[in-house]
Amino acid sequence: MKSRSTLAAWLGSLDAPRLARVLATRKDAAAAPEPRTVGELADRLQRPGSVALALPPLTLPCLQVAEALAARGGPASRDDLAKLLGAEDGEAARGLDFTLEALADHALVWPDGAGALRMASPLRQAWEAPLGLDAPLEKLLAGATSEELRAMLVALGIKPPSTKQQRLAALVEHHSDPEAVAEVVARAPAITRELLARRADSTAGQRQFVMFGSPGPDLEPGARWALDRGLLIVDRHRYGPARMPVEVALALRGPGWHAPFDPLPPSAQSVAIGSAEVEREAAAAATAFAAQAASVLAACSASAPARLKSGGIGARELARIGKAAQADDAVVRLTLETAYPAGLLGRDGDRVAPTETYDAWAEQEPAERLAVLLRAWHHLTLTPTQARDEDNKALPALAGAPPCGGCLQARHGLLHAAAQLPAGHGATTGSNLGPLVAWYRPLADSSPQDGTPFAALIREAELLGVLARGALSPLGTALLEDDAAALAAACGRLLPTATRTARIGADLTAIVTGTPSAPLASLLDSVADRETSGTASVWRFSTGSVRRALDAGHPPDGLAADLAAVAAGPLPQPLSYLIADTARGHGRVRIAPAACVIHGEEPALLTEIAAHRKLGKLGLRQLAPTVLISRSPLETTLAALRAEGYAPVGESADGTVRIEKERPQRAAAVPTPRKAGTGSGRHNAVKRTVRTPAGTDPNTLAVRLLTAPPTTPDPDPLGSGVPFGTDTEEIVAGYAKRLSYTDVRQLAHAVDTGTPITVEYVATSGNRTVRTLSRLELDPPYLEAWCHLREDERVFTLSRIHSVMPS
């Protein structure tokens, strides 16, 4: 309540423009009704979700200052904070003031009436051990008894006061003096000094944004001496090692230690470059990608890629699409991952096929097509061109991976970092922008497979024309401003209109500069084989490609006329000869569908049968005076002819007359029950066949199945009589479809009790691994856990867990 009141007081002291700026920086302000009072605004800004929304756009120094303030354990003056950060004067001091101003604009840090800096409580809770420091001594000793405090003071050589509060105050006063702490540590045994130095080292602790305590209930060697003097504290209510108070850690780090603080962004090597050069290169890259993306989706339209059983489009299908579209793997992945959220692709059973939206998209101009894909790329929560996982296994595309907020922040941070370069300058190489992205968006994720920070993301931006010559192109500027109209205008200015004619040469090639129109690309794809795709696309005619067009129903004359209509000049004579020669031999052999053949030695009789009106349902067709074909099966044809008074006989496959001899009907034998203890079960087991009663209507059976009551789930194995013992079991069972009931209970128990568990997991690449997991957090349909195989926090899909074993 005190923090809320001081925030309300600070907000009430702001002038109208500053208060409006604070509101504008809060992403949740637009989604919620306008606050009616300053107190209501203060309550909203103190919500945990509000802080989470404000964190992503913060720069590295903002997080560094917030972490340093959290390490103080309570309100701190600006001077104390500056001393901790080593920002007491010069450029660092000015950077600290600017950073505090930015944090105040987000209502994350603000001054109270006494001039101390306060932090929003949800943000303070983001770190368990900020700067590798634990809680203050007073907090760690809150549960200590008066006698324990007295023993610590005696061990330090201090006369204990009479009350518990006085003893705690005396101990805090002693440990707050770095010289006194250093003097005590100097008298410690060598093994204790090594332990304290290791625990106080800022690099020894975990330096993640959200930190976790490490397990280990046993005392380390040398810890007892430090525990007796309050240099280390054992928390009775927390599982883990002995904790070092923040006062002791800072004293051992020494007066020369400062918390990391980088107020200025890293300098990126840049060169002068004109806007015309940037636009020219961006136009070339965007034009090439638009043409290749159209080819990739056209290949998917011609043959929809199949999905893997584990989900996504595998490497084999990606290679097939790339070969058909003459595009490399990065372009194929980038196109598929942007086309799917744009609604151009959708799941169709076990395949991914273009949608009706794709048909309209394919008819648009290249600029309009590219704008759709760019908007989708700007909001992607993954890095599409990341083709390998942490095990260096190939990743499928469109695998439905969990959303990655850090990937989205990396993309937005790249645009922001590139926009900060001096006007008229571009980075010497795209990789120089990586450190800038990390400074502007410290929460961004970079692929572990990247040789340099954010290499895959930067390559994507260059492929799309968003970055050119190390500078932000007009396309990138429009995306940075999230202006759809400006993006459409930039695409229209940089990309040429679709090409509707092709240069067809005597070497049987067709060349199209720029992006071919949908009708032109469809025609050339049907009659020729694509060899290259990009700024210029090349098709080659061959006997096989022309025959493919004729097989698809194109008449020879119409095919030549269609090509002549799109040719930039007269149709070359070699191509005309190729079409004519291929058409001359096309269809010399024909294949007709037939279920059976009727033949005899009397042409008049077969002519009569072919003309019989009551036999028209057989689909008879006369191929020769003595040969008829029927589209009906042999048994049906025989019965129909005999019903009309003819006397046909059937033939076997080798041409001999088939003897029709009906077998006598026999009843099914009733199995005799086997008496207990007689014979082997393998030899005496009786096989039963379930038969559907003759004449039963399938529709009736379907209605009965649909209206049948649901099957009662298996009862709890422990005999409680309920399907699930806990809500967690029911949630896990709903998503982990491959797990048995016992495995579901075991996994749910591990989630509820926080115990480690071992699972058999199938990754998106199809790789099957066995992993030991701890710190389980259920977030259906995902399971967040610490993976001991990778020594990192990982997200697992519940449906990919195939079995569960005790750890």
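In the predicted model described here, helix α25 (residues 484-494) has L487, A490, C491 and L494 buried, where buried stands for under 20% relative accessible area, exposed for over 50% and partly exposed for what lies in between, using a 1.4 Å probe and protein chains only. Helices (H or I, at least four residues) and strands (E, at least two) are DSSP runs, numbered from the N terminus. An α-helix has 3.6 residues a turn, so residues three or four places apart point the same way. A485 and R493, on the other side of α25, are exposed. The cover over the buried residues of α25 includes α16 (275-302), α20 (366-378) and α24 (474-480), with contact meaning heavy atoms within 4.5 Å. Where α25 starts, the backbone nitrogen of A485 has a side-chain oxygen of D483 within 3.1 Å.

Residues are numbered from 1 along each chain as its sequence is written, and side-chain values use heavy atoms, with hydrogens and water left out. As the model is predicted, local features need pLDDT of at least 70 and side-chain atom pairs count only at pLDDT 80 or more, while totals for chains, interfaces and linings use all residues.

For the protein chain overall, the secondary structure amounts to 35 helices and 20 strands. Of its 807 residues, 42% are buried. Contacts between residues at least 6 apart in sequence join residues at least 24 apart in 62% of cases.

Turning to the interior, a nonpolar core is taken as a set of buried Ala, Val, Leu, Ile, Met, Phe, Trp, Tyr and Cys residues joined through side-chain atoms within 4.5 Å. The largest such core has 70 residues, of which L336, L370, L374, W377, L433, V466 and L475 touch the most other members. Helix α16 gives the most to this core, namely 11 residues. Beyond its neighbours within four places in sequence, L336 is in contact with V296, C300, I313, L318, L345, A397 and L398. There is also a second, separate core of 64 residues, with C62, A76, L108 and L133 among them.

The search for salt bridges (a side-chain nitrogen of Lys or Arg within 4 Å of a carboxyl oxygen of Asp or Glu) finds 21 in the whole structure. One of these joins R78 to D97, with the closest N and O atoms 2.8 Å apart. R78 belongs to helix α6 (residues 78-85) and D97 to helix α7 (residues 90-105), so this pair ties together parts that are 19 residues apart in sequence. R78 is partly exposed at 24% relative accessibility, and D97 is partly exposed at 40%. Within helix α18, R333 and D329 are four residues apart, or about one helical turn, and their side chains form a salt bridge at 2.8 Å, N to O. Here R333 is buried at 3% relative accessibility, whereas D329 is partly exposed at 35%. D581 and R584 also pair, with their closest N and O atoms 2.8 Å apart; they are three residues apart in helix α29 (residues 573-585). A network of salt bridges links E277, E281 and R469.

R469 also has a backbone feature to note: its phi is positive, at about 55 degrees, although it is not a glycine. This residue is placed in the loop between β7 (467-468) and β8 (471-472) and is partly exposed, at 39% relative accessibility. Q326, likewise not a glycine, has a positive phi of about 55 degrees and is found in the loop between α17 (315-325) and α18 (329-339).

R229, in the loop between α14 (223-228) and α15 (246-253), is buried yet has no salt bridge, and D228, the nearest side chain of opposite charge, is 4.6 Å away. For charge, Lys and Arg count as positive and Asp and Glu as negative, while His and the chain ends are not counted. Not counting residues up to four places away in sequence, R229 touches M152, A155, L156, H175 and V184.

Finally, S774 lies in strand β17 (residues 768-779) and is buried, with a relative accessible area of 10%. Leaving aside neighbours within four places in sequence, S774 is in contact with P756, A785, W786 and H788. In the loop between β17 and β18 (782-787) lies P781, and the peptide bond from P780 to P781 is cis, with omega near 5 degrees.

Conventions. A polar contact is a pair of N or O atoms within 3.5 Å; within protein, one must be able to donate a hydrogen and the other to accept it, and residues adjacent in sequence count only if both atoms are side-chain atoms.
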